[in-house]
Structure formats: structure tokens, C-alpha cells
Amino acid sequence: FEQEISANFLSPFSTPFFFFFLYWLICFDPFRVLKKIKMCCWVLYQTIGGSIVQQAALITGCVVGGMSAVALAAPNDQFLRMGPMLGVGLGVVIAASFGGMFFPTSSLLMNVSLYGGLGVFGLFTAYDAQRVLHDAQVVDRFDPIAEQFGLYMDSINIFVRIVQILMMQNRKK
């Protein structure tokens with residue numbers, strides 16, 4: 001019982017001091033030497049103390065960056081061969097989304113639309129990254145803005161789904 005009281009007594013005081021320390025490291029570094037530590041503290045501060053949208057943006061950046069790195073390191077354009085299967089997966093996600101409009105209480109359709117869409121758009125990120133790399137190497141008149149549009153749409157879809165997941169987790173608390 002005493003441990004519970006001391007832990008409950010310290011937690012309201014320790015959390016603001018922790019965030020103040022992180023804020024001090026971010027803003028008031030007098031030596032301007034700790035740039036990497038400063039960036040890590042900023043990411044930690046935004047992730048722990050940030051809003052759902054900031055957390056979703058950080059997670060989306062990690063997912064898109066990770067899947068793009070995997071696609072760029074993969075041999076033999078293997079993600080380019082996944083195009084037809086990804087089209088079928090996208091069709092299933094769209095069908096589950098439409099089904100959710102007619103059956104709003106179905107948790108199965110919501111889960112397929114939410115988590116299935118997250119997986120499909122994660123794989124689409126790898127597909128689009130390899131497609132951009134392939135077109136940059138092969139096409140004579142390469143337009144980088146037009147080629148990146150698929151990655152942009154993948155990022156938006158991943159971000160929206162991660163926001164929904166974080167909001168559902170926040171509601172459960």
C-alpha cells in the first residue's frame with residue numbers, strides 16, 4: 001500500500017519534470033553540439049507528449065520510409081510483380097468499405113477495411129517505390145512529380161488508417 005501511494009505521489013511531479021528536461025535539451029542547448037541527441041529528444045517529446053495526429057505522422061513516416069527502404073534494397077524488382085495481387089487486395093478493401101456503409105455494426109468489415117487497408121497500402125508503398133526507381137532508370141522523359149503521386153496517396157491512406165487505430169486505442173483507455 002505504501003508503494004502505491006509513493007508511486008502515485010511521484011508520477012504527477014515526475015512527468016512534468018521529464019518533459020521540461022526534454023524541452024530544455026531541445027531548446028536551450030548552449031553548446032550546439034548535441035544535434036543528434038537533440039533530435040532524438042524532440043521525437044521522444046512529440047511521440048510521448050504529442051497529439052494523436054503527431055503520433056500518426058511519426059508512425060506513417062516510419063512505415064513509408066521502412067517500406068520504401070525495403071523496396072529499394074529488394075533484388076530483381078520483386079515488388080513490381082505484386083501489382084495484380086495488390087489490385088485484388090485493394091478491391092477487397094474497397095468492398096469491405098462499401099459493405100461497412102450498409103452494415104455499420106459489422107466489426108469484421110471494419111477490421112478488413114482498417115487493418116487490411118493498412119497492409120495493402122504498406123505493400124503499395126513498396127510497389128510504388130520500386131516503380132519510381134524502375135521508371136527513373138528506364139523511361140526517357142522521367143517526371144519525378146508525377147511518378148511520386150502514388151507514394152503520396154499511399155502515405156495519406158496509411159496516415160488516415162493509423163489515426164483511426166490510435167483513436168480507437170485512445171477510446172479504450
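This report walks through the helices, their packing and the nonpolar cores of a predicted model.

## Ground rules

Residues are numbered from 1 along each chain as its sequence is written, and side-chain values use heavy atoms, with hydrogens and water left out.

## Overall layout

The protein has seven helices and zero strands (DSSP runs numbered from the N terminus: H or I of at least four residues for helices, E of at least two for strands). Of its 173 residues, 28% are buried, meaning under 20% relative accessible area with a 1.4 Å probe, protein chains only.

Take the contacts (heavy atoms within 4.5 Å) between residues at least 6 apart in sequence: 68% of them join residues at least 24 apart.

## The cores

The largest nonpolar core has twelve residues, including Ala 56, Val 93, Phe 121 and Ile 158. A core here is a set of buried Ala, Val, Leu, Ile, Met, Phe, Trp, Tyr and Cys residues joined through side-chain atoms within 4.5 Å. At least two residues of this core come from each of α3 (52–73), α4 (83–102), α5 (107–138) and α7 (149–172). Apart from it sits another core of six residues, with Phe 79 and Leu 151 among them.

Leu 86 belongs to the largest core. Leaving aside residues up to four places away in sequence, Leu 86 touches Val 120, Leu 123, Phe 124 and Tyr 127.

## α4 and its neighbours

α4 spans 29 Å from first C-alpha to last over 20 residues, close to the expected 28 Å (1.5 Å times one less than the number of residues). Its buried residues include Gly 83, Leu 86, Gly 89 and Val 93, and their cover includes α5 and α7.

The axes of α4 and α5 come within 9 Å and cross at roughly 155 degrees. That makes the pair roughly antiparallel, a label for angles over 145 degrees. Axes are lines fitted to C-alpha atoms, for helices over the stretch in contact, with angles from 0 to 180 degrees between N-to-C directions. Residues of α4 that meet α5 include Gly 87, Leu 90 and Ala 96.

## α3 against α5

α3 and α5 pack at about 50 degrees, axes 8 Å apart. They are therefore oblique to each other, the class left once under 35 (roughly parallel), 65 to 115 (roughly perpendicular) and over 145 degrees are taken out. On the α3 side, Val 64, Met 67 and Leu 72 are among the residues that meet α5.

Key. Predicted model: local features only at pLDDT ≥ 70, side-chain atom pairs only at ≥ 80, totals over all residues. Buried < 20%, exposed > 50% of the residue type's maximum accessible area, 1.4 Å probe, protein only.
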